[in-house]
Structure formats: structure tokens, C-alpha cells
Amino acid sequence: MEETQIQSNLEDLYSISQIAASAKDLPSMWGPLLEEVLAVLKVDAGSLMILEGNALVRKAARGLGDIMEEPPIPASSGGVSWKVVKSRKPVVITDLSKEKVASKFVEENFRSLVTVPMMVRDQVIGVMSIFTREKHQFSLDDLNFFAIIANQAALAIISIQLSEILKENRQRLSELEALNQVSKSVATVFDFEETLDSILDSITTMFSSDIGLVTLFDGETHLLLGKKPAYGLSERQINDFRSRTDEGVMGEAFCKGVPIMVGKIDKETEEVLKRARITGIKSIIAAPLKVKSQTLGVVQIFSSKENNFHSKDLRLFSILASQAAIVVNSSTMYREIEEERKKDEALLTSIGDGVIAIDKNQKIIHFNKAGEKITGYLAEELLGGAFLETLGIFNKEKLPVEAKDSPLAKILKDGNQIISKDYFLRKRNGSLFPAYLSLAAICDIKDDIVGAIVVFRDITYEFELEQMKQELISLSTHELRAPITAIKGYLDMILSGDTGVINEETKETIEEVVGINRRLADLVDDLLNVGRIEQGKITIKPEQIDLTSLISQTVREYQPQAKNKKLEIIFHDKSIPKIKADSVRVRQVLNNLISNAIKYTMQGSIEISVQASDKEVTCQVKDTGIGISKDAQKKLFGKFYRVKNAKTVQITGTGLGLWITQKLLEMMGGKVWLESVENKGSTFYFTLPVYTA
Amino acid sequence: MPSKGKILLIEDDATLSRMYEKKFVTDGYEVVTAYDGWDGLKKTTSAKPDLVLLDILMPGLDGLAVFKKMRSQTATFNTPVILLTNIGDENAIYESFKLGAVDYLVKSEVTPALVVEKVESFLAERR
């Protein structure tokens, strides 16, 4: 090739690397990258495909009709593109009519095709193809150049991928394993030192110089520091190479952001070189390492000959410098990723919770030290194995949960975080332990779920404590209720004359005691209900319920109590749709609201009515009682809240009824509110959902 | 006065047991008491009661288990049972009626007089 041709090719390469250097993210890069390649090669149809899992996915196409809408090409297709991926060699087809081609459009419109692999070191990351309508003979130079372009593009892609991975993965610990995986794969395709070494090597020999060195700007010291690898310097010399940004040729190149060439070295630069014991240098070229708007450092070559470099070298040198910049940048990012990873790993080792990462097939891909301690398994025994076969997931009855119902299947399907104390896991010795489980999905850059992180803790102690608490509650139910019931029974026997005739005064006194005893019974019931609600022990069994008949029954039960106070309870019965609720709990709600209405009404009536819309039924309990002040209304549904004033002093209660009412309604998908005017009365409303089959 | 009938009261709480016993004796019944499930079950055959008042939550054998065992032995297959308990649990109620309970009463909701009334009207019907 002639020198002008080389120069022009290099400039083309430069323009392609610039697309990568200035692109924000991968999706915004595919199109321009392909266009640039097509322009350079002077053809008008082409495509760019990237290897994702087991398929080649089209990222950009020009002049190929609707080809972007066609599905990715699986490895099993055996087409031209896959031939390239597998052989890692370009394929040239001068007569397409004789070949098996994946796309119909291509088959009908084109005659020739060149497909080249996009390689980074020896790994294929995708393929690029160009198409021509006529039979076309490509020269060897053309092919070579196309292959180089493809590799340059691959480098650019990897560089952007790295920056995206870094951006995406910094945020969440849960993505640790994804990060781990990707950075490993990047490490295998990209040996930075070697790549940089080969670039420096070719630069120094190309310009027949003696020393080549990359210096990077250090954010802490604000100095340009020598970095390995270098050409023609000892390791100590590299380490000792330090330059201020306002010193010498290197500082100038860094600050101005342009390449600088000197044929005769100045005093200042000589001083800089002396620090690293570099002597006898006469001429220098230094170019900034620029990525996007950021200058990372300087690449420089030194020669012991005066005027060793020519002005035309300057342009070429800066093109090569831009390539070095990409490598350096990727390397910096890679290091950052590694650091993040190490930090995360340190964190994972230090926390007391077990952490497991699984892939999308529920295979364990990470298992931390705390997990080993809890389960007795060693990471090596679990890695690569199926979660359900080793640790397993068991329900409260200690039976294995079916694979499709397990939280693992759920998190991998919809990605919604799961926190649960309902499962048991298995230790290595076969025993099961109750576990607090927290599951979060791992997503890749495209937000597809690729796995999950399972954080777990052995809650045997909490579990036992909880069981003890439960036993205590049921014990106190029994122990408290029995004597209260017995008192009630005895009092009733006395009142009904079983123990002999009693006089009026005794009867009144006994009735007082009956009232006190009822208060005690209500308190015990309310307290037990609060406890159950707070512990989530109250289960709602929703069924199809006729609300009006429940109201009628409850009203009937409260009629005697109302009559005692000379109050009237009126139910405006009306046909409404069946509701979806738990009848025991609805009864509790009605009891609370109606007994409250009776309690707080001195004269008048209590009216109950119902109304229905498409979705819900509203019930209102209206009294002509003492009413509730605006202030008190705000606090009314709080636990243990009771309105305290002269009028309520005589009325007993626990202040728990409305709190319980509200909680029960919420549990059934309903709500409760009120309207009230002091001295006029209160109306309580509640809603419950209409039953739908 | 001749006894109106023999009642077996299976109730683990002594206070309640004494109270119901007093009420039934006052009203003219003969009462046999048992304080746990196994003892109760034994007495269903040895005492040959006309009716069993049966608690559910009890140490050892619980009330529903006693009930099931009664239904599986010929001697007590037809002995009438009224559940007298603290739990208003739907499953327990359903289970009891499936086994042929005469009634299911929640202690805190009924007076001793009502319990006697239920027993009396059932035994009257039987005669």
C-alpha cells in the first residue's frame, strides 16, 4: 500500500474510533458506526450483528428493507454469519444465488456479500456484513481493511459496554453476580497491558524512536505519572516518571489537549526526564489521551536524535494516541469495576446474612461465608447445583414447595422483590430451619431478569419466640376468659333465683357487677383481637355474603339493649348485590358500630341503610347521639383512643373497637369513615367490595 | 325428686365445671364431671350419660377427638353431644355438626340457664 493510502485508512479508523469515543451508550452507537463503515467502504447496504447468548442479534442495518424486524439468528441456523462466528474468518460470497441465506430480502436483492467477524483479541463478539447488488470482486486490501475496521468497532463496543456495565452496576448489590460474570468475561477478552504494550511497541518502532511511555493524570496528586507498560524504560524509571501539568512538553500536550512535537528539547522537559534518570533525549512527540471531553493523560515517544520527527508524523501519531486512549480508558474502567466488585465481595463476606446468587435456571452461582456458617454447606458443594436440590424450599408444614410455586420461580418470573418468613431451608445435615428470606432480581443492561439474589437468615430463635408468644396468647385467652365466663354464669344464676330469692337492692348491685364483668370480657376480647391483628394472625376467609341478612341478625340481637335505653334501631333493608368478605369479621364490624351507636346515643334512634355501586357496597350507621368534635374525629381510629368529656365519662370502653373495625375492613378491601356534628349525632360509613365470580 | 337425666360434663376448667355442675344440679340433673379428654371418653361408656357437654380446647385429647372416638364405638355411637366451648371457629362448628352435634354453644355468649334450656328441650323431645 502506498503511504497516502495508509494515511487515509488510518484516518478512517480514527473516525470510527471517534464514534465510539463520543457515543453516550450502545444503542446510540450501532447506527452511526455502521454508516461510517459503509461510507468508508463505499457500499450502501450492510448490517451489524452482536452475539447475545446463543443467537446473533441485529443491532443495525442499512439498505436491507425490513430486515431489522426478522428474529435473531440462532446458532443452529448454520448460515453465513454463523459460519463466520465459528471459523473466526471472513467469508466472501460473490454469487449469493448459490448460497443458503437467512434473509429473503437479501436473497432477492443482492449478489455479493462479505461478512467479517468482530474480534477483540481472539474472541468473536459479533459480525459485520456488507452487500452489493452486482457481482463484486473485493480486493485483498479491501478485505483486510474491512476486517481491521470490524475489530476497531469491536474495541469501541467493548469500551462502551464497560462504561455501561460500570454505570448500571454501581447501584445495586443485588447485581453483584452479574457484575462478576461480565467483568470476568471482559477480562478474558481484554488483556489491557498486552494491548497497550503492542500499541506502544508499534508506535515507537514506526517512528524510529527509543522510548515510548504513557503517563496518566492522577486525581490525588495532580501529576502525570508514568504507567506500565513502557517501551525502553526500566520498571523503576517508569515508577519515577512524574511531571506537573505545567511542566515541559508533556504538560503542554496535556493542558492544551493537542499533540506537540519538539526537535530540540528544552530545559524544563530535560528536568522532568532527569527525575526518571532518562538522559540523552533530543526530540519528543507527545499527544494527549482523550476520550470524549476528558483527557486521561499523555502518550509520548522520545528520541536521542535531534529533529527525529516530522510534522506529518504528528497527525498519524495523534490517531494512534486516540486508539491508546480507548484502551487506557477501558483499563481504568475495568479497574474501577474490579474495585467495586472487591468492595461488594468484602461486604458480602462481612455481613451475617447468607447470600446466594442464582442464575435464571435456579442454579447457585454465588454463596457467601455467612451462608456456609448457617447451612454447613461449603460454597464449592453448592456452586453450579440446583437450589431446590440442595438447600430446597419448604413450607410451614416442612414439606418441599413445588418448583413452580417457589419464591425462586416467582422472582425470576416477575422480578418483584419478595420478603418472607414463611419458608424453611435445609442444612447440610438434613435438618430444616425457619428462614427469613429476601429475594431480589438481577437484571442485565436491557432489564431482562438473568438471575436473583437470595439473602437469608436463620430465624429459629425468633420462630420459637413467636410460637411461645402464640401459646401465651391462647393460654391467656383460656385462662382469662374462663373465670370471666364463670362469674357471668354465677351472677346469672343468682339473678334468676337459683340460689334463693334476692331483694331488689341486691338485684341492682348484681346487675352492676354483671356490667363490670361484661366490660372485662370486652377488654379481653379486644386485646386479643389487637394482638392477633398486629401479628397478622387474623385470617380473612372471603366468601359470598348477604350483608343485609347479617345486618338484620345483628340488629335483632341489639334490640333488647336499645330498648333498655328507649332507643329505636331501624334497618332500611334493600336489595343489594352480595359482597365479598369474611362473615365473622363483618359481624365484628357491625357489632362494634351498632354497640357504639347505642352507647353514645341518649335518645332518638339508630338508622342503618345500605347502598351499592358496581364495585362496592356502602353501609351507614347513623345515630342521634352526642356526636364527635372535629378534633376527636381525627384521632378516633387510633389505638386506645377514647373521646373524653363530661358526656362520655359514664360510658365505658377500651378505645380499641374502631381501631379493630378499621383494620378488619382494610383486610377485607374496605374502608371506614365518619361524619359527625356535636350534639346532633354521628354517621359511620363503611364499604366492602361487591362479590364477583 | 327423680333426676331429670344424667349429664357428663367434660370441661378442663374447674371453675366453669363447678358452675355448670351447680346449675344443672340445682335444676334437677345428675352430673358427672371429667377434666380432660381421656377421662371424659372413659366416662362416656362407664357413666352412660343421657347427654354429653363437651369442651373443645383441653389438654391431652381435645373435644373434637373425643367426639370422633365416641362416634367410632357402638356404646356411645348415639350418645347426644352438645359442644360447649370458647372457640367460635367455623371449622370446629362445621366439624361438630358433621359428627352429629345437638348444638354448638360458645360459653361467653350463653348463660348457664340457656345451656340447661337447650339440654332440657332436647331431652324432652327425645322422650
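Student: Is the crossing in which α2(B) passes α3(B) left-handed or right-handed?

Tutor: The model is predicted: local features need pLDDT of at least 70 and side-chain atom pairs 80 or more, while totals for chains, interfaces and linings use all residues. Residues are numbered from 1 along each chain as written, with chains lettered from A and ligands numbered from 1 in written order. Helices are DSSP runs of H or I, at least four residues, and strands runs of E, at least two, numbered from the N terminus. A crossing is left-handed if the near helix is turned anticlockwise from the far one by less than a right angle, and right-handed if clockwise; that of α2(B) past α3(B) is right-handed.

Student: Which element gives the largest share of the side of chain B that touches chain A?

Tutor: In this interface, 14 residues of chain B contact 15 of chain A. Two elements of chain B give two or more residues to its side, α1 (14-26) and α5 (112-126). The largest share, five residues, comes from α1(B).

Student: Over which residues of chain A is the pLDDT below 50?

Tutor: pLDDT is the predictor's confidence in each residue, from 0 to 100. Chain A has a mean of 82, and 87% of its residues reach 70 or more. Where pLDDT is low, predicted coordinates should not be read in detail. In chain A, the stretch below 50 is residues 169-189.

Conventions
Two residues are in contact if their C-beta atoms, placed from the backbone, lie within 7 Å.
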